Amino acid sequence: METNLIVVRHGETEWNAAGRIQGQLNSRLNEAGRAQADALAERLALEPLVAIYSSDLGRTLETAAPTADIQVLDIVTDARLRERHLGSFQGMTFKEAAVAHPELYAAYKARDPDADCDGGESLLDVRARVEAVLLEIAARHVGDTVLVVTHGGVLDQIYRLATGMPLEAPRDFDIDNASLNRLVWDGERLR
């Protein structure tokens, strides 16, 4: 028996459009993001969802809400589905972070697995929490289909878990706002 996981990045936010680093700070969906959330709900209207899980941050809850309404399901929040805490970088643009913290930013860009962006989380920390929550969700819903609404950094980790791609390897794939990502947990591995 397999668990079907539909994992979605939140819709576009005001800060996404401005190139500002959100991390675990909140920024509301903009008009495009709200339209993406509505389109997502329409796309998933006929999916046999049994549960909807979401990060507890506002942008993911806003994205999940239209689907929850159509599917008549509650949204189960889990803080482990949050975006990576990016320490001092949160609230800055990438250019501002590079100027304010050049050494930290270089480690971040090099995907140093231990770098925590001055008080945030390392890639190793994020990997551990993402793997734990995803496997718990999959084990809880064997034979079913569930929706997980989360963040780009979490989807990066999920992709690497499913493909075996190392944490240090540069990202060679896109993670668009409101993009659908279908995964299967077969009880032993994610694909």
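**View 1. R160 and D156 sit four residues apart in helix α7 (residues 152-163), about one turn of the helix.** Helices (H or I, at least four residues) and strands (E, at least two) are DSSP runs, numbered from the N terminus. The two side chains meet in a salt bridge, 2.9 Å from N to O. A salt bridge is a side-chain nitrogen of Lys or Arg within 4 Å of a carboxyl oxygen of Asp or Glu. Both R160 and D156 are buried. Buried means under 20% relative accessible area, exposed over 50%, partly exposed in between (1.4 Å probe, protein chains only).

This is a predicted model: local features need pLDDT of at least 70, side-chain atom pairs count only at pLDDT 80 or more, and totals for chains, interfaces and linings use all residues. Residues are numbered from 1 along each chain as its sequence is written, and side-chain values use heavy atoms, without hydrogens and water.

**View 2. E136 and R80 form a salt bridge, with closest N and O atoms 2.9 Å apart.** This pair links distant parts of the chain, 56 residues apart: E136 is in helix α6 (residues 123-140), R80 in the loop between β3 and α4. E136 counts as partly exposed because its relative accessibility is 34%. R80, at 26%, is also partly exposed.

**View 3. E121 and R129 meet in a salt bridge (2.9 Å, N to O).** E121 has 14% relative accessibility, so it counts as buried. R129 is buried at 13%.

**View 4. R84 is buried yet has no salt bridge.** It lies in the loop between β3 (75-77) and α4 (94-100). The nearest side chain of opposite charge, E121, is 6.2 Å away. Lys and Arg count as positive, Asp and Glu as negative; His and the chain ends are not counted.
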